[in-house]
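Load the model in a viewer and keep the sequence panel open. The tour below says what to select at each stop and what is found there.

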Amino acid sequence: MKPIDRAADDVEPGDLPGIPRPRETLTLVGHAAAAESFAASIAAGRLHHAWLIAGAPGIGKATLAYRVARRLLAHPGGGGPAGLDVAPNDPVTGKVAGLSHPNLVALRRHRVAGAKALPTKIAVDMVRRALDLFASTATDSGWRVCILDSADELNANAANALLKVLEEPPPRALFLILSHQPGRLLPTIRSRCRALMLRPLAPEEVARVVRALPEPFPQPDDLALARAVALSEGSVARALAMLDPVTAGLVAEVETLLARARNPDWGRVLKLAETLAGRDAEARFEAAQDAVLRFVSAELDRRRDEPPVRLAALVEVAERFGRAAREAAIYNLDRRPVVLSLFGDLAEVA
């Protein structure tokens, strides 16, 4: 299925030009056991009302969730074929792709009319509007499905509003809750969900997904794809980021500067900080974070015979950088001090 034409203001987290969104994607690569858990529960008529689908970004959590939603909405009275497949020409397929099915709601960050950027959190009013779906009976007496992508982005009030409906779920309601870091969620939310932890994809699976992307996605040459897959850590999203020449060049610059962390080139570090502080640089900042984590991991391995106190100092720098990056994302702070502090700290412990 080719990507749906989008209006200029139709922007969602994780969008990449020319790449189908998870709800537009009919094929799931990997995660056979997780898909079978859903299929078996549906076939047995014992589908738990809330599922926590956890794992790293870009490995297929949302694609799995929309497959489950399509299956339930296409056969609201039960029955249907085994598994989770729904035909591309089924009316439900198009309605799910366009988020126009009356029994489906996607709870996610999205840009509202007149706003210049995506919000950084999912606010309580967004949760309440989404939960309006469950205030009445489904249009065909079937299932009502809410896909939350992702629970990590709920603010405190929004998380509590979600918890209330999870504690007393309406009949034939299904909540598919996605999380990149489930340990950070409210324990009371986790305790009300059946948890599925998805593993990163195998390298050949990442390559298969990339090779299957439809036009206008430009297929990479074998060498570029191999490098992207090697740096992907099992995430299609990371692989696609590394296939972007600008992102790949930025990561190469980060790696070069990290290799010289003992004596930083502050002119180049400042230029990097300016680049990563841009309004549209969120994905590239994440790619830079990944490069920092790979560097620290490699350094810990290379210096494993050094005194533990020196290695602990390096770990502390990485943890401090991670905390600062998360706070910058949550509170929409300037990323430049985060980058400059990282290289200043590394100069002291490298």
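At what angle do helix 9 and helix 10 pack, and how far apart are their axes? Select residues 236–243 for helix 9 and residues 245–259 for helix 10: the two pack at an angle of about 90 degrees, and their axes are 5 Å apart. That makes helix 9 roughly perpendicular to helix 10. Angles under 35 degrees count as roughly parallel, over 145 as roughly antiparallel, 65 to 115 as roughly perpendicular and the rest as oblique. Axes are lines fitted to C-alpha atoms, for helices over the stretch in contact, and angles run from 0 to 180 degrees between N-to-C directions.

Some ground rules before moving on. This is a predicted model, in which local features need pLDDT of at least 70 and side-chain atom pairs count only at pLDDT 80 or more, while totals for chains, interfaces and linings use all residues. Residues are numbered from 1 along each chain as its sequence is written, and side-chain values use heavy atoms, with hydrogens and water left out. Helices (H or I, at least four residues) and strands (E, at least two) are DSSP runs, numbered from the N terminus.

**Stop 1: the helix 9 and helix 10 contact**

Show side chains for Ala241, Met242 and Leu243 in helix 9, which meet Pro245, Thr247, Ala248 and Val251 in helix 10. Contact means heavy atoms within 4.5 Å. By class, this contact has 6 nonpolar, 1 polar and no charged residues. Here Ala, Val, Leu, Ile, Met, Phe, Trp, Tyr, Cys and Pro count as nonpolar, Asp, Glu, Lys and Arg as charged, and the others, Gly among them, as polar.

**Stop 2**

Switch to a cartoon view and find the open sheet, in which 5 strands follow the order 2-3-4-1-5 with parallel pairing. At its edges stand strand 2 (104–108) and strand 5 (194–197); each has a single partner strand, so one side of each is left without a neighbour in the sheet. On average, neighbouring strands are turned by 15 degrees against each other, direction ignored. Helix 1 packs on the sheet and touches strand 1 (50–54), strand 4 and strand 5, with its direction at about 150 degrees to that of strand 5. Helix 4 (residues 124–131) also packs on the sheet, where it touches strand 2 and strand 4; its direction makes about 170 degrees with that of strand 2.

**Stop 3: across the strands**

Start with strand 2, which is joined to strand 3 by 5 bridges and runs parallel to it. Two strands pair if DSSP finds at least two bridges between them. The bridge partner of Val105 in strand 3 is Cys146. Cys146 in turn stands opposite Phe175 in strand 4. Strand 3 (residues 144–149) and strand 4 (residues 173–179) run parallel and are joined by 6 bridges.

Next, select strand 1. Its parallel pairing with strand 4 covers 5 bridges, and Ala54 stands opposite Ser179 there. With strand 5 the pairing is also parallel, over 4 bridges, and Leu52 stands opposite Ala195.

Which way do the side chains of strand 1 point? Ala50, Leu52 and Ala54 point one way, Trp51 and Ile53 the other, and all are buried (under 20% relative accessible area; exposed is over 50%, partly exposed in between, with a 1.4 Å probe and protein chains only). In strand 2, Leu104, Ala106 and Arg108 point one way and Val105 and Leu107 the other. In a regular strand the side chains alternate between the two faces of the sheet. With 5 of its 5 residues buried, strand 2 is largely enclosed by the rest of the structure.

**Stop 4**

Select Glu12, in the segment before helix 1. Glu12 is buried, with a relative accessible area of 10%. Its side chain makes a polar contact with that of Arg108 (3.0 Å), and another of 3.0 Å joins Glu12 to the side chain of Arg23. A polar contact is a pair of N or O atoms within 3.5 Å; within protein, one must be able to donate a hydrogen and the other to accept it, and residues adjacent in sequence count only if both atoms are side-chain atoms.

Then select Arg21, which also lies in the segment before helix 1 (32–44). At 4% relative accessibility, Arg21 counts as buried. A polar contact of 2.8 Å joins its side chain to that of Asp15.
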